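Try each task before you read its solution.

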Amino acid sequence: MTAEKKTRLTRPTKPDRSQLDTQVAKLKEQISKCHDKMKSYKAKIDTIKEGRKGQGSATAEPRNKLIAIRTELKGLFEEQNGVRNQLKALNAQKDAIREQQKAIRAKCQYVKTEDIDAAIDKLENNMAHTSMTLNEEKKIIAQISELRKSKAMVKELLESSGGKVDPAARETLEAQLKSVGAKITELKAQEQEQRKIMDEIKAKMGETKDEVPDLIKQKNNQWEIVKRCKETIGNLWDEHRKVENEYWTKEKAWRAQAKEERQKKWEAEQEERKKRDIERKQRQLDEAGEPFDREVTTCEQLTSYLKSLTKEETKVEETKSAPKVEEGMVVLKKKNDESEMDSWFTGSKGKKKGGKKKAAKSDKLVHSMDIISSFATLGLTAPPSKDAKGISDLVDKLEAKKAEYLEKRKDAHVKRAAQKEKIAKELEAATNGTEEKAEEKANGEANGEANGKEEEKEEEEKKEGEEKKPEPAEDAGATPAEEETPAEESS
């Protein structure tokens, strides 16, 4: 816990831009007046230029000649470009032929047709006078065929080896290019002569001056005023943006503070919920029954059931071999000889009065569905007969199962104890954390109240000082931004 506490922020007042709007409106009005003056100056300049149109007849003839010369020059330039493009096409054709010749030389083994004929004769002579296999003979025939094909390519190569592309056509294009260049040079000289004539005429007309330069200067002065007004508007907006940026910085800080308070409240609720969940888990563990209680009980019940079957067999044998009774003694027979458990498990019923005698009982056992399903849950099978050995082995298996589940119960007790210890630690940690946050919150509220009192005291001192000074009527009362301050500030 730190001794210094963060001071609670109050929501800032949004800056008023009415004064800025008034100043900007005045400057825009001045800009509009300057634009009106500039339009009037431009109208005067255009009027003066319209009056000068009569004087343009003096330069009409040289101007028309100059236009004709430039039109002719444009056609000559286009013709010159066409001739140059044709020469480029001839050069490209010549380069293509040379590349084709290089490719043919790379493909052919022999350069002369005489060499090809000699090679063919040599192969035919070897094939005629030398004994060889069928595959070798086929290879030689293929070589002779390839040589005959290459002969035509070599012949074409020899015919086009010069790489000439119609020299007469090239000379004609070069001569045409020189002729066009000479015409262009001559027309450019005529163009310069016409420009010189027009410059002399304009120089003579320039002696009569008017107020056009003064009007242009006044127009430029108004434009300078417009630029200064726009610059002032930009500076005013920059100052207002600084104030607004400062406001939004404080507003963001206040919003961050409110968000932090909401986050702390949410975290406290989460801690409380976590504590309740831990307590609920602890309560569930405390109220939980013995582990594997159902399995152990099932083993005990089935063991009792199997032992009752062996006891019943023993009783029947003892009844058959009962000793003779002494004189004066009476043997009494117990009613409902079979127990309720035996009748429930085996499904047997008591004898009805006056009923016929039943046949002798067989060793086969009939079990109820509960008994069969109980054995199945333990992974065992109910005994099909009253075989003593089989029943004894099944009793031993049930005892082993019971011992196994009791051992598992011990392990479950150990795990449950560890869970209880873990939950107790979590509950203790959650309780300590909640107490620390509650203490921190209480200290924060106390510091907030103290800071609030100090701020109220400072505001009262400011009000007392302001009452002594004369104030304009429009400053009296609270601003709309102060009236719209949300209730969160008062909390």
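**Exercise 1: The overall fold**

Task: how many helices and strands does the chain have?

Solution. This is a predicted model. The chain has 11 helices and 0 strands. Read from the N terminus, the elements run α-α-α-α-α-α-α-α-α-α-α. Next, look at burial. Of the 491 residues in the chain, 19% are buried. The chain exposes about 38,600 Å², and carbon and sulfur atoms supply 51% of that area. Finally, take the contacts between residues at least 6 apart in sequence: 84% of them join residues at least 24 apart.

**Exercise 2: Helix 3**

Task: check the span of helix 3, then find where its buried residues lie.

Solution. Step one: helix 3 covers residues 113-129, which is 17 residues. The expected span is 1.5 Å times one less than the number of residues.

Step two: list the buried residues of helix 3. They are Thr113, Ile116, Ala119, Ile120 and Leu123. An α-helix has 3.6 residues a turn, so residues three or four places apart point the same way.

Step three: turn to the face away from the buried side. It carries the exposed residues Glu114, Lys122, Ala128 and His129.

**Exercise 3: Phenylalanine 292**

Task: where does phenylalanine 292 lie, and what is its phi?

Solution. Phenylalanine 292 sits in the loop between helix 6 (212-287) and helix 7 (293-320). Its phi is positive, about 55°, although it is not a glycine. Most residues other than glycine have a negative phi. Phenylalanine 292 has 30% relative accessibility, so it counts as partly exposed.

How values were computed: Residues numbered from 1 in each chain as written. Predicted model: local features only at pLDDT ≥ 70, side-chain atom pairs only at ≥ 80, totals over all residues. Heavy atoms only, no water. Helix = DSSP H or I, 4+ residues; strand = E, 2+ residues; numbered from the N terminus. Buried < 20%, exposed > 50% of the residue type's maximum accessible area, 1.4 Å probe, protein only. Contact = heavy atoms within 4.5 Å. Areas by Shrake-Rupley, 256 points an atom, 1.4 Å probe, with all protein chains shown as cover. Arc of directions from axis to C-beta.
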